[in-house]
Amino acid sequence: MEKQTVIELRNITKRFGASVIANNNVSMDVKRGEILSVLGENGCGKTTLMNMLAGIYYPDEGKIIINGEEASIRSPKDAFRYNIGMIHQHFKLVDVFTAAENIVLGTGEGEKYDLKSAKTRILAMSEKYGFHIDLDKKVHEMSVSEKQTVEIIKVLYRGADVLILDEPTAVLTPQEITRLFDVLRAMREDGKSVLIITHKLNEVMEISDRVAVLRKGEHIATVNTADTTEKELADMMVGQKVTLNIDRPLPVDPELRLSVESLTLIGTEGKPVLDGISFGAYGGEILGIAGIAGSGQRELLESIAGLHHLESGTVTYFNPKKDKPITFYHKSYERVMELAHEGMLRYADGRDFTGKDEYGKSLSKKTVKALVNAGEIFFKEDEVINLREKTPLQIRELGVRFSFVPEDRLGMGLVGNMDITDNMMLRSYRRGKSVFVDRKAPEELANEIIASLQVVTPDTHTPVRRLSGGNVQKVLVGREIAAGPKVLMAAYPVRGLDINSSYTIYNLLTEQKKSGVAVVFVGEDLDVLLALCDRIMVIAGGKVMGTVDARTAKKEEIGLMMTGAAPAES
Amino acid sequence: MEKQPSGMENVTSYAQEKDKKEPLFRLIKRDVLPKRKIVLIYAIAIVASLLLSSVICSLFSSKNPVAFFVALFDGALGSSRRIWLLLQDTALLLGVAVALVPAFKMKFWNLGGNGQILVGALAAISCMFYLGGKMPDALLIPLMVVASILAGAVWGVLPAIFKALFGTNESLFTLMLNYIAAGLVSMFITIWVKSGSGVLVPIEHGNFPELFGSKYLLTVLVFFALAALMYVYLKYTKHGYEIAVVGDSPNTAKYIGIDVKRVIIRTMIISGALAGVVGLFLAGNIHHTVSTATANNMGFTAIMATWLAAFNPLVMMGTCFFIIFISRGMVEVRGSFNFTNDSIANIVIGLVYFCVIACSFFITYKVVFRKSGARVAKRNRTKGEER
């Protein structure tokens, strides 16, 4: 049976500035009572296209036909008049209001504000579609999944028949995704049209009736899900044949590089954000950290990097230095003397080096420097460095080769208004005694990274905020890897990246692992975690729920641990 | 669509509003404009605002718009003394802008320029008042220099310390310090001036020497040089780099191990000290006295100069010149147009500022108007399809 067409897009074009064409001559349609996936890589214009239906943008060319009539959607309010509602990726809710207050907010012009009858209506609706919601709960007390539910109800309450969801599963656990999909199916049965913006192929296959594939702003095809395969969709999406396998060699002689013991961090609200976390990261392996967004992943990495004042616990770094010469490349003179006094160093012939001559007189700075530079001084044992309560600068001065790719690339990690060269300099600008900065080496590094990671940028002098998400991430990851780390921590390094960029990042991490770096990878996509990592540590509510072998673990098992329900036996 | 309970009528009635099909105008964000075009847009704004001003002024007097321009240029450039005063005032304003710019670049909103200038001037005058005549000027002047710089630095660092350690809002803090500085000046004048006139007569000791027979040249050279130095400091030194990182992304600064508190305090010492230097010149080289109005509100006017110049000290030379040019020119316009009070002059200055600031909107956005009438729009659309 042919379903009725609700929305028709005819030759829609949208430009930003003169050079960016977000959507080029896109024509597609939405049918009544179907779930339509809008699939495409990041930056392919799927969100822009949907924003035009939701009244956020207005198309430059082309027309939108709703129920057979040409429509002009100039604002989200207009969109609701056409019964179109959009659930954005970043929720637009008032934190201090309850669920019910958020839902009725802005509706019913001229009507009396009647929360009670509104609640009755909301409850009836929830029952119909199978929502679980506490209407009196304040938004700031809600989990991400609950907030999303509120957003969906908000849109339905306004009478939407066409719902657009922008990347709805990005922040949900597998269980929550299942529940969401049940709700979406219930809506489809009720005759609503659901559009899901996504780049996750497995979900497309699971939920949708049809798939519209966009690539670089153009509509490639709309196909029936039943008639296609993941592989075919991926090829359409990327435009070239892609391999979806991540190379995962077995770890070679893993050595403990970083040890975290019962680390506890109290958040700004006085509650523990991290609660007695212990784990070890080994050189030559990738340790994945899985958890629902906001379970303490970010704080954990930031704590290790020295950005928080810890309540208790230790962070220890093992520097594999036994029988290796000490150098000034990563150690300051002061640190060398400290190690000498601790009895950690020896001469090449085995005598202790204590920084004093045989008469017990301190050696001059010049002599010590000469000895170290000549490679005469060696470590007796591996160096053990306590990182607790050290600032990032102190950690670096101790010679700890730590790299950290934070979650918020432009808010922490890079400076958006600075160009690529200046961002390269962040790690190295202090070098040398001159009061002036040296931009030559950073510039070379910038060019190197642009070439090796294929960063798309006009030149090294473009502010990084003007690059696309994937290129920003390449700049950041490139810089952190260029520092030659022994421990590399990366929080959501592929968030917002397209398939090709994501695989570039996965390969870079695997390369680092192969060269003996201890990689800590915080991820959100369980399929990727399972394919990329060697071990996966699951945390929930700031606690370690267990660590599993990524080669044997099941997705459902991890999903369950993420909810904090059942710790694994291992 | 029988099952649609509500909303449907809305849709149809709405769709009938044919002429409202497309919004009247839309804003489209531009790509980065080439520098030449940006300069052109500013030039158009300035000329347009002056033309408008000339019309307004001639409406309120018997003179014609051309006379406005004659008077404007006469006021600013009419004699060699006027030219020197124009340059001197530009230099002073530039000095304040140079003082403010490192703080602003760090997103530390130093609204305390006036106070920092005043304490700098007060410190210099104190030296002149208490030590003048008791030691040679060759000794007194260096002492004044040190005193002014220290006083300005203290006035700058106070809010910085509170911001760095307790997260206090720097705008309010610096603003309040302006009043305290003015209060201090009044207090000292009351102590010093026994006659009760409240006016400190110019002190003859510790006056800066003339340079090549000009009493203006030193001021001009010092502050233009400071502006050039500030440009180098912000662009090429490690300090300048740290200021930019802290200003743009405090979290990145923390992440990379920059001591944010230290940078804030260090930068505000520099900012305050430089404002103190302006106070020094006002006291030692220009007025030889101090009053609560000595700062002449430059602490605020300079904010304008720094923003218009997008925090570039070299461009600030131009914006300061422009601001002083207009305000000095308007003094003459006011005289020759027989305006009995400041209001119209202020309106004109406000109008010019408004146009200059507003035009930055057109640098960021392009305004696209609806093609007149739905029919034209339709025709264009069909054309598009044919293509």
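A:Arg74 is partly exposed at 30% relative accessibility; buried means under 20% relative accessible area, exposed over 50%, and partly exposed in between (1.4 Å probe, protein chains only). Its salt-bridge partner is A:Asp78, with the closest N and O atoms 3.7 Å apart. A:Asp78 counts as buried, at 5%. This is a predicted model: local features need pLDDT of at least 70, side-chain atom pairs count only at pLDDT 80 or more, and totals for chains, interfaces and linings use all residues. Residues are numbered from 1 along each chain as its sequence is written, chains are lettered from A and ligands numbered from 1 in the order in which they are written, and side-chain values use heavy atoms, with hydrogens and water left out.

**Salt bridges**

- The whole structure holds 36 salt bridges over all chains; each is a side-chain nitrogen of Lys or Arg within 4 Å of a carboxyl oxygen of Asp or Glu.
- A:Arg388 bridges to A:Glu389, with the closest N and O atoms 3.4 Å apart.
- A:Arg388 is partly exposed at 22%, and A:Glu389 is partly exposed at 42%.
- A:Lys514 and A:Glu511 form a salt bridge at 3.9 Å, N to O.
- Both A:Lys514 and A:Glu511 sit in helix α16 (residues 499-514) of chain A, three residues apart, about one turn of the helix.
- Helices (H or I, at least four residues) and strands (E, at least two) are DSSP runs, numbered from the N terminus.
- A:Lys514 is partly exposed at 48%, as is A:Glu511 at 44%.
- A:Asp29, A:Lys31, A:Glu34 and A:Arg210 are joined into one network by salt bridges that share partners.

**Aromatic rings**

- Over all chains there are 25 aromatic pairs.
- Rings of Phe, Tyr and Trp (its six-membered ring) pair if their centres lie within 6.5 Å; planes under 30 degrees apart count as stacked, over 60 as edge-to-face and the rest as tilted.
- B:Phe208 and B:Phe281 pair edge-to-face, 5.2 Å centre to centre with 90 degrees between the planes.
- B:Phe208 lies in the loop between α7 (170-192) and α8 (217-236) of chain B, and B:Phe281 in helix α11 (residues 260-287) of chain B, so the pair ties together parts 73 residues apart in sequence.
- Both B:Phe208 and B:Phe281 are buried.
- B:Phe361 and B:Tyr365 make a tilted pair, with ring centres 5.4 Å apart and planes at 40 degrees.
- B:Tyr365 is partly exposed, at 28%.
- Ring pairs also link B:Phe104, B:Trp109, B:Trp307 and B:Phe311 into a cluster.
- In chain A, the charged end of A:Arg158 sits over the ring of A:Phe80, 5.6 Å from its centre; the rule asks for NZ of Lys or CZ of Arg within 6 Å of the ring centre and within 35 degrees of the ring normal.

**Nonpolar surface patch**

- B:Leu24, B:Phe25, B:Leu27, B:Phe361, B:Phe362 and B:Phe369 make a nonpolar surface patch of about 610 Å².
- Patch residues have over 30% relative accessible area and no salt bridge; like charges are joined within 9 Å, nonpolar side chains (Val, Leu, Ile, Met, Phe, Trp, Tyr) within 5 Å.
- Accessible areas come from the Shrake-Rupley method with a 1.4 Å probe; for residues, only the protein chains shown count as cover.
- β1 (25-29) and α14 (343-364) of chain B each supply at least two residues of the patch.
- B:Phe361 lies in helix α14 of chain B and is partly exposed, at 34%.

**Cysteines**

- The count of disulfides over all chains is zero; the cut-off is a pair of cysteine sulfur atoms within 2.5 Å.
- The closest cysteine sulfur to that of B:Cys320 is in B:Cys359, 17 Å away and too far for a bond.
- B:Cys320 is buried at 0%, and B:Cys127 is buried at 10%.
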